[in-house]
Amino acid sequence: MKTIIPAAAALVLALGPAQISLAQDHGRGYGGDHARSDDGGKGGGRDSGRQAERRQDSGPDRSGQDSRGNRGRGGDDRRATAAVERIQSRAPGQRSDDGGRDRKDDRGREAGRRDQAAREVERVVARREAGPLTVFRVEPERGLVRGCPPGLAKRNNGCLPPGQARQIARARYDYLWNARRDDGVYRYDDGYLYRMDQRGSVLGWLPVLGGALAPGAVWPQQYAYQPAPDYYTDYFRLNQPYDYRYANGALYGVDPRTQAITQVVALLTGQPITVGQPMPAGYDVYNVPYPYRSQYADTPDGLYRYSDGYIYRVDPTTQLVQAAIQLLA
Amino acid sequence: MRNIMRRALTPLAVLLLAACGAGDEKTTGDRAEPAEPSSRTLAATVERADGYDTLAGVVANAGLTHVLEGVGPYTLLAPSDAAFGAGGAGAFTDETLRAQGAALLRAHIVPGALTRADIAAALGRDADGSVQMRTMADTLLTFSRDGEAIRVRSESGASARLTGEESVASNGVLQPVDALLVRQDQPAAATTP
C-alpha cells in the first residue's frame, strides 16, 4: 500500500500537466462537438455505449450525445485522453467490456459495480466556458416562494397583520432553522418554513425535508425544483421510473403521475463548483471516497475534494478548480 | 553478521506491520492508514453501534434511512445518546418532529469520507490550526486541535469533540461526537435582523 500511493502520486503528477492543458484547450474552443468526442474517447466503450442508448436530452456537459463509432479504448484519439487511458488500464478486467449496456447487464453488471477496481472509470470534464458543471444553483433564499402560503389570507403587506406572528409560533427548536446567520428569520410550522420580517409578517414560505417534502406527500405545486442531471442517474443509480428532482439540499424521487414523493435519494450540499472558479469554503479536508483514494491522492500540484458526486481537483496555491471528475460505475 | 541480522529483521518487521493492519476490523483510532471500509452502509452502522440508539431513531423518524443506505458517501458526525439527552433533543425521535430531526441531521453530515487521519493531516498543514467543512445544511463546521483531541465547532457556536473510534462504512464514515452541533440555548431574538 505504501508504495502504491507514491506511484499513484507520480502518475497523477505526470498526468497533471496533461490534464491542465486539456482544460485549457477545451476552454478555448469548447463546444458541443468537443463534449461528444470527450465522452467517446475518455469514457471508452462503456460510457459512450451507454450514452448512445439512453441519452436524448443531455445535461450541460453532454450536448446532444448520439451514437459514436469510436468505442473501445479510442487509442487513436490524439488528445490527452491518453492520460485518462493510463488510469483506466490500472483497473484490470474492467475495460474488456466494449459493448453497450445490455451486454454489461448480461455479465452481472451489479457485481461488477461493487468491485472497487471496476469503478475507476473517470471522465475528466474540464470546461471553462460552459458555466457551472453542477446544474444546481444555490438559491440565496432556498427557493422561497413569495407571498402568502395557502391557508394564510393576504393582509396588508405580508399575510399577517403585525402581532399575529403567534400564529406561526416561536417553537422550541427555532435554532434549527436559523443556523445561517445571514439568512433572515425563519419559523417552522406543520411542514413548512416561513420567512418572517421583524413585524411578524410572512415574506415567503418553503416546504422542508421531513415536513412537506417527505415520502408520501405530494410535491407542493408552487415549489420550484431543478430536474436531476443525467449524470446523477448514473452516479446515484436512479433506476426507478420516477422524476428525480433537486431542491434545497436533497434529491427526491417523484411519481410522475401522482406527483407524490416516493423517496428521498440523497443529500447534497448544492454548492455550485465551477472549473476555473475558486473552490468554495468548506472543503479544507481531504474527503475523497475510499474506492478512489488510491487514484486521487493529494499532491503538491493538485488537491482532490469530493462534493455531490464529483471529485474536484483544486490548485493548492490559487485555490482554483482545475477539473471536475465524474465518478461513473 | 550484524548486517545480515538487519536485513533479515526488516522484512520481518514489515510482515508484522502488515499483519497488524490485516487484523483490524472496520474501526480505527488515529492510525496513519485507515482501515478498509466494512461492507455495511452508514445506516446499518448507526443501527448496530452501541450507544447511538437516539441517533438511529432520529434517522429513521426523519425518513433519511434510505439516504444513508445509498451511494453517498457521507460523513456523519454522530452524537451519542448522552449528547442528545444533554442537548434536550431526545424528542426528535417523535413523529411530530420529523422535519426538525432532518434539519438536525443535515447539520451533522458533511460530504465524502472524512477520517481522523484526514482531519489531522489538514490541521497539520494549516497555519491557523483550523480547517472547515461544509454540511448538508449549508453551514460550516470548524475543526481544530483541543489538546490530544479534535474539536468541531458549528457556526451557531455549539461545539463538540470527536470521541471514541470512527467507523468506516461502505458509503461513508461514522465519526462519534460528544455533543450536538446545533445551538440550543441561543435565544430566537438574537437571530432577528
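1. What covers the buried residues of α7(B)? Among the elements over them are β4 (130-134), β5 (140-146), β6 (149-153) and β8 (166-169) of chain B. Helices (H or I, at least four residues) and strands (E, at least two) are DSSP runs, numbered from the N terminus. This is a predicted model, where local features need pLDDT of at least 70, side-chain atom pairs count only at pLDDT 80 or more, and totals for chains, interfaces and linings use all residues. Residues are numbered from 1 along each chain as written, with chains lettered from A in the order written.

2. On helix α7 (residues 116-125) of chain B, the buried set is Arg116(B), Asp118(B), Ile119(B) and Ala122(B). They line one face of the helix, because they fall within an arc of 160° seen down the axis of α7(B); the arc is that of the directions from the helix axis to the C-beta atoms. Buried here means 20 or more other C-beta atoms within 10 Å of the residue's own, with C-beta atoms placed from the backbone.

3. On to the chain contact: 49 residues come from chain B and 47 residues from chain A. A contact is two residues with C-beta atoms, placed from the backbone, within 7 Å. On the chain B side, α6(B) gives the most, with 8 residues. The predictor gives the complex an ipTM of 0.79 and a pTM of 0.67.

4. Where pLDDT is low, the predicted coordinates should not be read in detail.

How values were computed. Buried ≥ 20, exposed ≤ 12 C-beta atoms within 10 Å, placed from the backbone.
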